[in-house]
Structures are given as C-alpha cells and as structure tokens.
Amino acid sequence: MVRVIKQGLKDSGGYCPCRLDRTEEYKCMCQEFRDQIADPDYEGFCHCMLYYKEK
C-alpha cells in the first residue's frame, strides 16, 4: 500500500493521490493532517493512510 501511495505522490508532483484537486492544501503532508497532528488528543492516520500520529 505504501509503495502505491508513494508512486501516486511521485506521479502527481507531491499532491495527495487520493484527492482530485491539485491545491496547496492537498500537497503532501496535507493541511488536513497537519491540523489533526496539531491537536494533542488526535491519534490516527492521514487521509491516504501514509502517515500515522500517535498520542
């Protein structure tokens, strides 16, 4: 799974391969996950499941 996601990132120029839009907020590591990891109570995966944040 990681290999497929990393290839998708390479093919899309670093944008989340799970998203259709190519905006800065979807550039890996996406804004959604950066906001989630800023929350000290958050634990889980990013949208495409490449990164995981532990408490």
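**Entry 1: the chain as a whole**

I began by noting that I am working with a predicted model. I then looked up the secondary structure of the protein chain and found two helices and two strands, which follow the pattern α-α-β-β when read along the sequence. For the overall dimensions, I saw that the C-alpha atoms fill a box of roughly 35 × 25 × 10 Å along the principal axes. I compared the radius of gyration with the rule for a compact globule: with 55 residues such a globule would have a value near 10 Å, and the protein chain has 11 Å, which agrees. Buried residues make up 29% of the 55 residues. Among the contacts with a separation of 6 or more, I noted that 19% come from residues 24 or more positions apart.

**Entry 2: the cavity**

I next asked how many cavities of 30 Å³ or more there are. The count comes to one, and about 60 Å³ of space lies in the largest cavity. I listed its lining as Cys-16, Cys-28, Met-29, Cys-30, Phe-33, Cys-46, His-47, Cys-48 and Tyr-51. Sorted by class, this lining has eight nonpolar residues, one polar residue and no charged residues.

**Entry 3: Arg-19**

I turned to Arg-19, which lies in the loop between helix H1 (2-11) and helix H2 (31-38). Is Arg-19 buried or exposed? I recorded a relative accessible area of 15% for Arg-19, and because this is under 20%, the residue counts as buried.

**Entry 4: Arg-34**

I then looked up Arg-34, which lies in helix H2. Setting aside its neighbours within four places in sequence, I found Arg-34 in contact with Glu-24 and Met-29, and the side chain of Arg-34 reaches the backbone oxygen of Met-29 at 3.2 Å. Finally, I looked up the separation of the C-alpha atoms of Arg-34 and Cys-46, which are 12 residues apart along the chain, and wrote down 8.9 Å.

Methods:
Residues are numbered from 1 along each chain as its sequence is written. This is a predicted model: local features need pLDDT of at least 70, side-chain atom pairs count only at pLDDT 80 or more; totals for chains, interfaces and linings use all residues. Side-chain values use heavy atoms; hydrogens and water are left out. On a 1 Å grid over the protein atoms alone, a cavity is a set of points where a 1.4 Å probe fits but cannot get out, and a pocket is an open set with protein on both sides within 12 Å along at least five of seven lines; lining residues have an atom within 4 Å of a point. Grid points are joined across faces, edges and corners, and a volume is the space filled by probe spheres set on the points. Ala, Val, Leu, Ile, Met, Phe, Trp, Tyr, Cys and Pro count as nonpolar, Asp, Glu, Lys and Arg as charged, and the others, Gly among them, as polar. Helices (H or I, at least four residues) and strands (E, at least two) are DSSP runs, numbered from the N terminus. Buried means under 20% relative accessible area, exposed over 50%, partly exposed in between (1.4 Å probe, protein chains only). The radius of gyration is taken over C-alpha atoms; the globule rule is 2.2 Å times the number of residues to the power 0.38. Contact means heavy atoms within 4.5 Å. A polar contact is a pair of N or O atoms within 3.5 Å; within protein, one must be able to donate a hydrogen and the other to accept it, and residues adjacent in sequence count only if both atoms are side-chain atoms.
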